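Welcome! Here is a short briefing to read alongside the sequence and the 3D view.

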Amino acid sequence: MTALNSKIPKGSLFQKWTQYKNHQNLVNPSNKRKLDIIVVGTGLAGASAAASLGEMGFNVKIFCYQDSPRRAHSIAAQGGINAAKNYPNDGDSIYRLFYDTIKGGDYRSRESNVYRLSEVSNAIIDQCVAQGVPFAREYGGSLENRSFGGAQVSRTFFARGQTGQQLLLGAYGALSRQIKLGTVKLYNRHEMMDAVIIDGKARGIIARDLISGKLERHFGHAVVIATGGYGNVFYLSTNAMGSNSSALWQIFKKGAFFANPCFTQIHPTCIPVHGDYQSKLTLMSESLRNDGRIWVPRKKEDAEANRNGKLKANDIPEEDRDYFLERRYPAFGNLVPRDVASRAAKERCDAGFGVGSTGLAVFLDFKESIGRLGRNVIEERYGNLFQMYEKIVDENPYENPMMIYPAVHYTMGGTWVDYELMSTITGLFVAGEANFSDHGANRLGASALMQGLADGYFVLPYTIQNYLSGEIRVARMSTENPAFEAAEKQVQERLEKLIAVGGSKTVDHFHKELGRIMWENVGMGRTETRLKNAIDLIQKLRAEFWKDVKITGKPDELNVELEKANRVADFLELGELMAYDALNRNESCGGHFREEYQTEEGECLRNDVDYKYVAAWEYIKEGEFRLHKEPLDYEEIEVKQRVYK
Ligand SMILES: Cc1cc2nc3c(=O)[nH]c(=O)nc-3n(C[C@H](O)[C@H](O)[C@H](O)COP(=O)(O)OP(=O)(O)OC[C@H]3O[C@@H](n4cnc5c(N)ncnc54)[C@H](O)[C@@H]3O)c2cc1C
């Protein structure tokens, strides 16, 4: 059994990363050329890692299933990226960003990693500015900041509502430079199908060329997985349609522990679900909560009249509006963290105050800020988001309040990694949203982009080098090695097995059904009974999938249905693990809300005595997992109840 060793450097929290960098082993330039690194994923984490490692002189192969790295899900990120520059001079510091992140994560993240993240945050902004990322600027030319949830300072850098796109173009530029120089080779339209482990070390992957359907073998002295989050296990989420958990599930089955799988982020400001045939949910960026005020009618009869189409939002007078976040959390108001805001919206809707035709919506209103700042300022700040809203909902948000409701958005859980971002498989690193990350039980807005780029630009270049310094005598291995052969054979058999089912129901049918089970039982509110029910239902659905799924076509050709089926088969196993994890954690923390464990005011009731640990699960066999615990020790932070009042 693998023991957990988080490899946290000794010494003061504030010196750990500096000490690590001072003492880590290096690889000299002539040896770097002899070492191959595989990076799977071209989002912010993967692209920044590959560009940096290529620039350092390693041979890098990078993979993505899209036609271009620029189509990675990171491109969708809207609101911004945090850093502790303190440009507005409003009291920010590296320590405060660290503190807010630990508190925001409800004291379920590793202190040393979070401090390092805060420490490197400023360098990310410098790197991106140097690449030409067009961050918003003040009149005088300095970079502008706005506020995000869970912080009382403004530390979010942004490029209108397209921050992810601009950052990814920056990383893609850096990556393209390496591709041209020949240090990085790009494999687009390629999907990782399995990891290859030789003598306990990650030595490559099996990839499928999605155009020809052919399986390929690729060797690497080290492998980096940066395949993003698994929110699509819920079917409806704000994630890109292709986002999936398969690479994480493949390495899980090969020995990489999965940490805190049940920690899912439900984002409060999404366009509400509007029909049975919807396959995607749209985020309205958290940045909108800078200027938008969230409310529901104070009177139930007004809410009902609105639901029946008899009373418009604008006809409800000011005194009959309940700005419930401002009322409940006066210190943070509309900028409470996402988990808190989502639960508060759900509470109002469950209590009968929800609006819109389904009653599962609250208002996000810009009337006051348009009056104060003028429509042109709001348009400058959020123009593209308003346009997106109007296109989808067919209502003008400058004139009527937007309607929003919480939706699945981000997964804090992921592959367990140590301080070096190495998983429990030697030589297998995991970066970005794919790892269990620095966000504990709840991520603060604008911190995912920060973490992905921190991992890729500033952490992996050191930690991978430390590992590879011990591999310089290992010659490139032949992909005729029996381990490659066995892995490829297994993948081939699985694809054939999927097609051979020859059933009657579409892949989407199963995915949708899984999503419904997950949302109802492993979603915003969880109970022991519902979680046990979920496990039972998922097991039955999985059995039905393998008896009755219908996939047309063949494995050795372009086959989009087969790609989907392969991913959904993994979601059908992951969903069960998420329910197990949520069942094991008899407490509420961050996004994990067990209804049995709440304060009188409906807030999370943590149990630090029994659950102040990272839950790292080991795969035993299908439906059977073993729990390992990484205790969380806090040296510099006092662990207390989260208060945003
Ligand atoms: C709508 C939306 C808005 C957001 N806005 C913000 C924001 O403003 N600020 C913020 O900090 N965060 C934001 N987030 C979160 C943030 O965008 C993500 O957490 C982050 O971009 C993830 O980056 P990543 O590099 O880890 O993965 P991704 O960008 O998801 O990239 C994954 C990559 O892995 C590849 N891949 C996956 N599986 C395979 C496979 N098996 N084989 C080969 N390749 C594979 C894909 O092709 C892709 O290239 C937002 C998220 C959403 C959904």
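## A guided look at the fold

An open sheet is built from 4 strands in the order β16-β10-β18-β19, with antiparallel pairing. β16 (414–415) and β19 (624–631) are the edge strands with a single partner each, so one side of each has no neighbour in the sheet. This is a predicted model, in which local features need pLDDT of at least 70 and side-chain atom pairs count only at pLDDT 80 or more, while totals for chains, interfaces and linings use all residues. Residues are numbered from 1 along each chain as its sequence is written.

**Strands and sheets**

- Strands (E, at least two residues) and helices (H or I, at least four) are DSSP runs numbered from the N terminus, and two strands pair if DSSP finds at least two bridges between them.
- Strands of a sheet pair through backbone hydrogen bonds, either parallel or antiparallel.
- In the sheet above, β10 (residues 258–259) and β16 pair in the antiparallel sense over 2 bridges, and Phe 258 has Thr 415 in β16 as its bridge partner.
- Another open sheet has 5 strands in the order β11-β15-β14-β12-β13, and its pairing is antiparallel.
- Its edges are β11 (264–270) and β13 (321–322), each with a single partner strand, so one side of each is left without a neighbour in the sheet.
- β11 meets β15 through 5 bridges in the antiparallel sense; Gln 265 has Tyr 410 in β15 as its bridge partner.
- For a parallel example, look at β1 (residues 36–40) and β2, which pair over 5 bridges, with Val 40 partnered by Phe 63 in β2.
- β7 (residues 201–209) and β8 (residues 215–219) run antiparallel and are joined by 5 bridges, with Gly 204 opposite Phe 219 in β8.
- These two strands, β7 and β8, form a hairpin with 5 residues between them, and Gly 213 in the turn has a positive phi of about 80 degrees.

**Buried parts**

- In β2 (residues 59–63), 5 of the 5 residues are buried (20 or more other C-beta atoms within 10 Å of a residue's own, with C-beta atoms placed from the backbone).
- Asn 59, Lys 61 and Phe 63 point one way from β2, while Val 60 and Ile 62 point the other way.
- Beyond its neighbours within four places in sequence, Val 224 is in contact (C-beta atoms, placed from the backbone, within 7 Å) with residues including Ile 37, Val 39, Ala 49 and Leu 460.

**Two domains**

- The centres of domain 1 and domain 2, taken over C-alpha atoms, are 31 Å apart.
- Their contact takes 6 residues from domain 1 and 5 residues from domain 2.
- On the domain 1 side, helix α10 (residues 338–353) supplies the largest share, 5 residues.

**Around the ligand**

- The ligand is surrounded by 46 residues (C-beta atom, placed from the backbone, within 6 Å of it), and the closest are Gly 41, Gly 43, Ser 74, Gly 228 and Gly 432.
- Elements that each supply at least two residues of this shell include α3 (44–56), β6 (190–198) and α13 (448–468).

Key. Contact = placed C-beta atoms within 7 Å. Domains from an automatic or database assignment. Buried ≥ 20, exposed ≤ 12 C-beta atoms within 10 Å, placed from the backbone.
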